Amino acid sequence: MALNVYLTVFKKYTTKRLKNLELTYICACYGIPAIPAMVFLFVSDSSGAHIYGPATLWCWISDEWRFMRIVSFYGPVWIILVSTLVIYILAGRVIFNLRGSLRRFAGSEESQRTPTGPTRDTLGTMSPSPPPTSPQPGDRPIVVNTLQSYSCTVSSGYTARTRNSGVEANTAAWAYCRCAMLFFLALVITWLPSSINRIYNLINPDATNFGLNFAAALVLPCQGFWNALIYTVTTLPACKEFTRDIWDRIGAPFRGFGIKACIRGRRNSKASSLDSLSPG
């Protein structure tokens, strides 16, 4: 997600271009971790101890190679976390600068706009002077204009629909910050206790801290739960629409079956009532 934010904000990637990167993301996410995972199968120290050993809290790296837990896993995890934070901060600065520009533009536009009330112009025609009521003998006939005088009132005006661009900018910026902070907070909650536990084990190889082990075991399985919860909260309208669409598709065959059964039942009841009315 942070990479998508970077490409969208700084490289002006469109949704279509981001969608075309899905195969690359899949290959990178599964291919790059597969390289050390396969290499570690064949690595051992001088005493014959392999890197992989008994699992301790989902970590298959043995105690003889405990420093590899930091080098091969927790170190890259925190590099990615810090990179994610840096991308969010840089993107947030750009978005807030754009928000400020939008608010200034909206303020200047509204200050230059001087709304006026509707104007009314009245157009009219005057009927010609009435002809003499009694024409004199020998005069030429006079054509009387029977058009009545009329007046036309033309009203012109506009209803200025002013959008509060400042409020919209604040809303968009807050939505971005909320999403970014929630995802980063979920990553920190998931990986911080486990990282502290592994550093403690590296410094004190013969000691075990129950509290750190319990905290790591509690938060590590919740990574998917936090991601799903954040996705649902930040895109609640889209999730409702998606759920409604799925429900409609699932219930469509049953609704059709119910309608058909109702029609069939009405036909059968009608036929039975006709049979009861027939003689003999």
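Buried here means under 20% relative accessible area, exposed means over 50%, and partly exposed is in between, with a 1.4 Å probe and protein chains only. A word on the source: this is a predicted model, where local features need pLDDT of at least 70, side-chain atom pairs count only at pLDDT 80 or more, and totals for chains, interfaces and linings use all residues. Residues are numbered from 1 along each chain as its sequence is written, and side-chain values use heavy atoms, with hydrogens and water left out.

Overall layout next. The protein has eight helices and four strands. These are DSSP runs, numbered from the N terminus: H or I with at least four residues for helices, E with at least two for strands. Starting at the N terminus, the order is α-α-α-β-β-α-β-β-α-α-α-α.

Now contacts. A contact means heavy atoms within 4.5 Å. Take the contacts with a separation of 6 or more: 64% of them join residues 24 or more positions apart.

And surface. The protein exposes about 21300 Å², and 66% of that comes from carbon and sulfur atoms. Areas come from the Shrake-Rupley method with a 1.4 Å probe; for residues, only the protein chains shown count as cover.

Residues 73-96 are 100% helix and 0% strand, with the end C-alpha atoms 34 Å apart. Residues 212-234 are 87% helix and 0% strand, and there the end C-alpha atoms lie 31 Å apart.

Next, a nonpolar surface patch. Which residues make it? Leu 3, Tyr 6, Phe 10, Val 82, Val 86 and Leu 90, covering about 480 Å². Two elements each give two or more residues to this patch: helix H1 (2-10) and helix H4 (67-112). The patch rule: residues have over 30% relative accessible area and no salt bridge; like charges are joined within 9 Å, and nonpolar side chains (Val, Leu, Ile, Met, Phe, Trp, Tyr) within 5 Å.

The whole structure has nine aromatic pairs. Rings of Phe, Tyr and Trp (its six-membered ring) pair if their centres lie within 6.5 Å; planes under 30 degrees apart are stacked, over 60 edge-to-face, and the rest tilted. For Tyr 6 and Phe 10, the ring centres are 5.3 Å apart and the planes sit at 35 degrees, so this pair is tilted. Tyr 6 and Phe 10 are four residues apart in helix H1, so about one helical turn separates them. Tyr 6 is partly exposed at 31% relative accessible area. Phe 10 is partly exposed too, at 33%.

Compare Phe 183 and Tyr 231. Their ring centres are 5.3 Å apart, but the planes are at 75 degrees, so the pair is edge-to-face. Phe 183 is in helix H5 (residues 165-203) and Tyr 231 in helix H7 (residues 223-234), so the pair ties together parts 48 residues apart in sequence. Is each ring buried or exposed? Phe 183 is buried, at 7% relative accessibility. Tyr 231 is partly exposed, at 42%. There is also a cluster: ring pairs link Phe 73, Tyr 74 and Trp 191.

On to charges. Side chains of opposite charge can pair when their charged atoms come close. How many salt bridges does the structure hold? Two. The criterion is a side-chain nitrogen of Lys or Arg within 4 Å of a carboxyl oxygen of Asp or Glu.

One joins Arg 69 and Asp 63, with the closest N and O atoms 3.0 Å apart. Arg 69 is buried, at 4% relative accessible area. Asp 63 is partly exposed, at 41%.

The other joins Arg 249 and Asp 245, where the closest N and O atoms are 3.4 Å apart. Both sit in helix H8 (residues 236-277), four residues apart, so about one helical turn separates them. Arg 249 is exposed, at 61%. Asp 245 is partly exposed, at 33%.

Last item, a backbone one. Lys 12 is not a glycine, yet its phi is positive, about 60 degrees. Lys 12 lies in the loop between H1 and helix H2 (15-20). Lys 12 is exposed, with 59% relative accessible area.
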